[in-house]
Amino acid sequence: GLSSRGVRFMAEFGSQGPLTQEMNQAGNNVYDMVAFSSIGSGTGSRSGTLRVGGMHSLVSLVSMIAPSPDWFVGVHDLNLCKGTTWIKSHTQNLFPYDAGTDSGLTFTARNQRTVPKERIYRLTGTNPNNSASSFYGYETVPHMAILAFTLISQACPPTSPPVCMSNASYIITLTGTWTNETHPNYFPSSAQFGRLIGGSHSVDYSVWRISDLATKAVEELVERGKPKRLLQQLRTSSSVFHAVSLKAIPSTGKTKRIINVDATHPLVSLAARISPSPDWFVGVSDLNMCSTTGWMNSISIDFFPYDAGTDSKRHVPISKISGSVFGPPPVSKLATLKLTKRVKRGG
């Protein structure tokens, strides 16, 4: 997504004020906040205590890379609760991201405000694809920091609030918007989306996540359009409530299907191959259909291209495609996903 004012000020200037203000304004959506002092050199460590709760099990953190134009490391929506148990420990490598608010290419570049803002993206050896970039030419940009969580007290709550204890059904509608006009740099004559595969699941299950390595099942789906292995995993897992498969469609086609969710399986994850492509796909990961006031009535999500990281010499983490053959950033959406709650008869 796009950086908020708070993320921009943190990434560009290391200023905590605007981001702290945004979290304070979020009210009950934020359970606890933490702030560490800066690490004055490339090596060092900081530690502190962060509280999490039943309806607040996700953790997001951001730290400026200094000096830099608008680069940062961090973690987004890391779920520290699996099923009904808090994770005892978790370690994650942190890679550099561009906040999309400054166009500088090197650590010490002069301020070059990006107007309009671009979406946040991970910095790689080819993104930005400019020989002046500090990361240009890296086959794999190494991690710049390590984030570690250690449980110090425990009392894991339910995965969903009481307002979502009943089951719910949603109509999934996938509508393609990929045309020669929207993506003149990459619109093959056979452009289409493969079968949309996924399901509703609990917090301890993952179909795919950005910055994680794609599973063999996801690799087969996005590289060759073969859903058998992924569907088998979804249908046999106790963490999955309802597995779904939607038909393949042309680049501007439409397909629909019903998906069911319940209190312990409120998350929806889906993926569809972009065809033709090496290992690119569209999809959604860990979409929570349960809000603080109950099951959502409807939600629409724009689909942008992802790279599964499997069609290369080295298996690399899943990442959002910010440019390359799809054209300069920001890349236009390829499709739209809409989930609409079904109203029970007589109610």
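Visitor: What makes the 36 residues a nonpolar core?

Guide: In this predicted model, the largest nonpolar core has 36 residues. At least two of its residues come from each of strands 9, 12, 14, 15, 16, 19 and 22. A second, separate core of 19 residues includes Ala214, Val218, Leu234 and Ala308. In soluble globular proteins, nonpolar side chains tend to be buried together.

Visitor: Which residues is leucine 337 in contact with, neighbours within four places in sequence aside?

Guide: Among them are Ile172, Leu174, Leu196, Leu270, Val284, Ile299 and Phe303. Thr173 and Ser300 are also on that list.

Visitor: Why is the link of cysteine 164 to cysteine 290 called a disulfide?

Guide: The S to S distance is 2.0 Å, and the cut-off is 2.5 Å, so the pair qualifies. By this rule the count comes to one disulfide. The link is right-handed, with 100° about the S-S bond. Cysteine 164 sits in the loop between strand 8 and strand 9, and cysteine 290 in strand 17, 126 residues apart.

Visitor: How do you know whether cysteine 164 and cysteine 290 are buried or exposed?

Guide: Buried means under 20% relative accessible area. Cysteine 164 has 0% relative accessibility, so cysteine 164 is buried. Cysteine 290 is at 9%, and therefore buried too. Cysteine 81, at 5%, also counts as buried because of that limit.

Visitor: Why does aspartate 102 have no salt bridge?

Guide: The nearest side chain of opposite charge, arginine 8, is 7.2 Å away. A salt bridge needs the charged atoms within 4 Å, so aspartate 102 has none, although buried. Aspartate 102 lies in the loop between strand 6 and strand 7. Its contacts beyond four places in sequence include Glu12, Pro69, Arg110 and Arg113.

Visitor: Why is serine 3 called buried?

Guide: Serine 3 has 2% relative accessibility against a limit of 20%, so serine 3 is buried. Serine 3 lies in the segment before helix 1. Its side chain reaches the backbone oxygen of alanine 99 at 2.6 Å. Beyond four places in sequence, serine 3 touches Arg8, Ala99, Thr101, Lys117 and Ile120.

Terms used. Residues numbered from 1 in each chain as written. Predicted model: local features only at pLDDT ≥ 70, side-chain atom pairs only at ≥ 80, totals over all residues. Heavy atoms only, no water. Helix = DSSP H or I, 4+ residues; strand = E, 2+ residues; numbered from the N terminus. Buried < 20%, exposed > 50% of the residue type's maximum accessible area, 1.4 Å probe, protein only. Lys, Arg positive; Asp, Glu negative; His and termini not counted. Contact = heavy atoms within 4.5 Å. Core = buried A, V, L, I, M, F, W, Y, C linked by side-chain atoms within 4.5 Å. Polar contact = N/O pair within 3.5 Å; in protein donor to acceptor, adjacent residues only side chain to side chain.
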